[in-house]
Structure formats: structure tokens, C-alpha cells
Amino acid sequence: MSEDGQRKGFWGTTLNKLKSVLAKTKEQVSEESQEGDNQELPTVEQSQAQAADEEATANQAQTQTHNNTATAVQAKSVRAVDEDYIEHLEERLIKADLGLATVDPLIQTLRKESRGKNWTSENVDVFLQREFSSLLNETPQSGLSFKAGTNVYLIVGVNGVGKTTSIGKLAFRFKSEGKKVLLAAGDTFRAAAESQLEIWSQRAGVDIVRLADGADPGAVVYQALQKARAEQYDVVLVDTAGRLHNKTNLMAELKKIRTVVEKNSEGMNVESLLVLDASTGQNGLQQAKVFSEVCGLTGVILTKLDGTAKGGVVFAIAKELSIPVKLIGLGEKMEDLRDFDSALFVQALF
Ligand code: GDP
Ligand code: MG
């Protein structure tokens, strides 16, 4: 999370956790999901197992072990790559929400590279890992920035994506690192939203600036920044509305909040983070473009990766938005917000 990329451990994502969270996305992008819908194709493993069967004479037991092993792995790997296979893969990648703009060139490259080479699905897995990594590396990775002095994190995004929850998780995280944390209840459109933030502030044991229901969110943010400066807070987390009477209103309000932040954050480190719900896949990209114009985004928090098969959207974000994914939401609990690590993410999908 700091610029030097420390903070692995608790806040870093472990491969096992990520694997279980990404299980559904993995089913889409890697070979295992072909089990069942492509059974008529013999696998190389099956042929080998059969050959081993026929040759088995002296050591029956050993051959048996070999067959069992072959059966166990045949669902995963080693299938000949033909046009059917490639078309099926293309379909799966689209279902995993990588988006056409990302899938099309990927499949073209695959056709070119695999042509005349007797590729198996294992070669394709290696190919995909390489391509996925290079997609993610197109946008320079960086963790959440944190500097000495006050750090302001403006959290924006449409209703229900997980803004308030992510703020609660971040508050808990900073607090447990010994930071002085202030929340700003800038979603004054719904009284429930402010109460929800207040509950998080109590849970995390941090302070909150909350004005009367329906107050001007700009005033909330102004007060929070004044307080942060006077009382030397390390962190200010600004919650915002995700829905107003209409989109124009929402954008006007966010612009105003943004201006208040700019005018009152001299000498502070400011990040503008868009929260996207992974389970909405490609729709999130459109939202991102709109918010980007108004808020000058510095990063994305991708929530609800748990339980969605659309985690492939992470590649589309990298390719089409050029905004780094900084944090990922892996569940509803306090500690279910982790640093995004592209290498680990790709590794968990295979
Ligand atoms: P907001 O309208 O953007 O502030 O969204 P909320 O923070 O109120 O969250 C909406 C719902 O999404 C709540 O029920 C959260 O518990 C849930 N949520 C947020 N982040 C995650 C996540 O990473 N995983 C899961 N499974 N649920 C999440
Ligand atoms: Mg909220």
C-alpha cells in the first residue's frame, strides 16, 4: 500500500485466498470449465493412459497409480488446440467479462502463434498467463499512495458498489496501523448512508464528521478537511453519494466536492478512487469513463470479486481505462479489502 510496496502479510492477498475468491472467474478463463461441455474430444492424457493400460504387464499396481493420476489431471489439461477449441475459449473469455476490445486481439494473437505448432491446452494456458500479465502491466501498477502529513481519499462510484463498506474497511486498516483517521459523511442524500458510515466509524474506532441530514456535502468535506488540518489527522476518507435525482445532479455535486477538496487540501496527499463492482463487469467501464471526467481518478477499488465469474473485467480496466486497480474487495468483512497484486491475480487464475 505504501509506495515502496510493503504491506504484504495481512493486507497483502495470499494466493490461496485469491484462488478461492476467483474460482468462478477461473472456471471461465482456464481449461477446467471445458470438462463436461467438450467431453467428446479425447485428451492427450486419456490416450497416454490408455497406452499405459495396454502396456501394463509386470507392474499392475504402478500402472494403476499412473492411471489414477492421469484421470485426476485430465479435466485440467492437455487438450489439442483446434478451431473449435479457440472459438470456445473466445466465448469463455467474453463471459468472464474481459470485453471484446481485449478478447479480439488476444484471440488473433493466439491463432497466429499456435498455427501449425500442435499446441495443447497447456500451451494456451502459458500463452494466456503471459498475455494477461502484459495486459495488466500496460497500466503501471501502484499501491494506494500514503505520505507523511494528511492523506485524503475521495471515494466515488454509483450506488451499491461498495463505497461505504470499502471506507469502513480502509478505516479499520489505517487504524490498526496506528493512523489517526477521520471519516467524512458526504453522502447526505440518504440519511441511511450517513448512519451506515457512523456504524463503521464506531466499529473501526475512528472519528467522523457528520452534519444534519440533507446538508451540503461540500460543507461536510470542508469541515472534515479543516478538522484534519487543525488536529493533524493522517487520513481523511470521504464518502460520497452514488445516486441523486439524476446523473447530471450527481456529477455536478461530485465536481463541487472535488473543488472543495482541491481548494482545502494544500500540502495534503489526495487520491480520487473509483469503486467498481466486479459483478457488473463491462458496465463498470462506462461508469468509469463518466466519473473520470469529473473526478480525475487516480485508482480503482474493485469490489465483490468474491462469487463473480466476471473478474476478467480487471483486464479490460487495465487495457481501456489506464487507471490502476489499487485495492480489491474479497468479501463483506472488515479485513476483506486487499492490495491488488497483478502477478498474484494472474497466478490465481491458472
Ligand atoms: P455504496 O452504496 O457504494 O456505499 O455501497 P455499500 O458500501 O453500501 O455496499 C453495498 C453492498 O455491497 C453491501 O451489502 C456490502 O456489504 C456489499 N459489499 C461491498 N463490498 C463487497 C465485497 O467486496 N464483497 C461482497 N461480497 N460484498 C460487498
Ligand atoms: Mg454508501
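Reader: Where in the chain is I94 placed?

Author: The model here is a predicted one. In it, I94 is part of helix 5, which covers residues 83-95.

Reader: Is I94 buried, exposed or partly exposed?

Author: The general idea is to count neighbours: a residue is buried if 20 or more other C-beta atoms lie within 10 Å of its own, and exposed if 12 or fewer do. I94 has 18 other C-beta atoms within 10 Å, so I94 is partly exposed.

Reader: Which residues is I94 in contact with, leaving aside its neighbours within four places in sequence?

Author: Those are L100 and V103. There is also a pairing across the sequence to look at: I94 and G312 are 218 residues apart along the chain, and their C-alpha atoms are separated by 8.5 Å.

Reader: What share of contacts in the protein chain join residues at least 24 apart?

Author: Taking contacts between residues at least 6 apart in sequence, the share is 79%. The chain itself has 350 residues, of which 43% are buried. Its elements are 14 helices and eight strands.

Reader: How do I read the way two helices pass, and at what angle do helix 6 and helix 7 cross?

Author: Take the angle between the two axes; angles under 35 degrees count as roughly parallel, over 145 as roughly antiparallel, 65 to 115 as roughly perpendicular and the rest as oblique. The axes of helix 6 and helix 7 cross at roughly 135° and come within 11 Å. Helix 6 and helix 7 are therefore oblique to each other. The crossing is right-handed.

Reader: Which residues of helix 6 and helix 7 meet?

Author: On the helix 6 side they are T102, L106, T109, L110, E113 and S114, and on the helix 7 side N123, V124, F127, E131 and L135. By class, this contact has five nonpolar, four polar and two charged residues.

Reader: How do helix 7 and helix 13 cross?

Author: Helix 7 (residues 121-138) and helix 13 (residues 313-321) have axes that cross at roughly 45° and come within 7 Å. That angle makes helix 7 oblique to helix 13. Helix 7 passes helix 13 in a left-handed crossing. From helix 7, F132, L135, L136 and E138 meet F315, A318 and K319 of helix 13. The residues of this contact are five nonpolar, no polar and two charged.

Reader: Which residues of helix 13 are buried, and what covers them?

Author: V313, V314, F315, A316, I317 and A318 are the buried ones. Their cover includes helix 6, helix 7, helix 12 and helix 14, together with strand 6 and strand 7. Just after helix 13 comes S322, with a positive phi of about 55°.

Reader: What about a residue in a loop: where is T280?

Author: T280 sits in the loop between strand 5 (269-277) and helix 12 (283-295). With 19 C-beta neighbours inside 10 Å, T280 counts as partly exposed.

Reader: Last, the ligand. Which residues come nearest to ligand 1?

Author: List the residues around the ligand, then sort them by distance, element and class. Of the 18 residues around ligand 1, the nearest are G162, K163, T164, T165 and G329. Helix 8 (residues 163-176) supplies the largest share of this shell, three residues. The classes are three nonpolar, 10 polar and five charged.

Notes: Residues numbered from 1 in each chain as written. Chains lettered and ligands numbered in written order. Predicted model: local features only at pLDDT ≥ 70, side-chain atom pairs only at ≥ 80, totals over all residues. Near = placed C-beta within 6 Å. Helix = DSSP H or I, 4+ residues; strand = E, 2+ residues; numbered from the N terminus. Nonpolar A, V, L, I, M, F, W, Y, C, P; charged D, E, K, R; others polar. Axes fitted to C-alpha atoms, helices over the stretch in contact; angles between N-to-C directions. Left-handed = near helix turned anticlockwise from the far one by under 90°. Contact = placed C-beta atoms within 7 Å.
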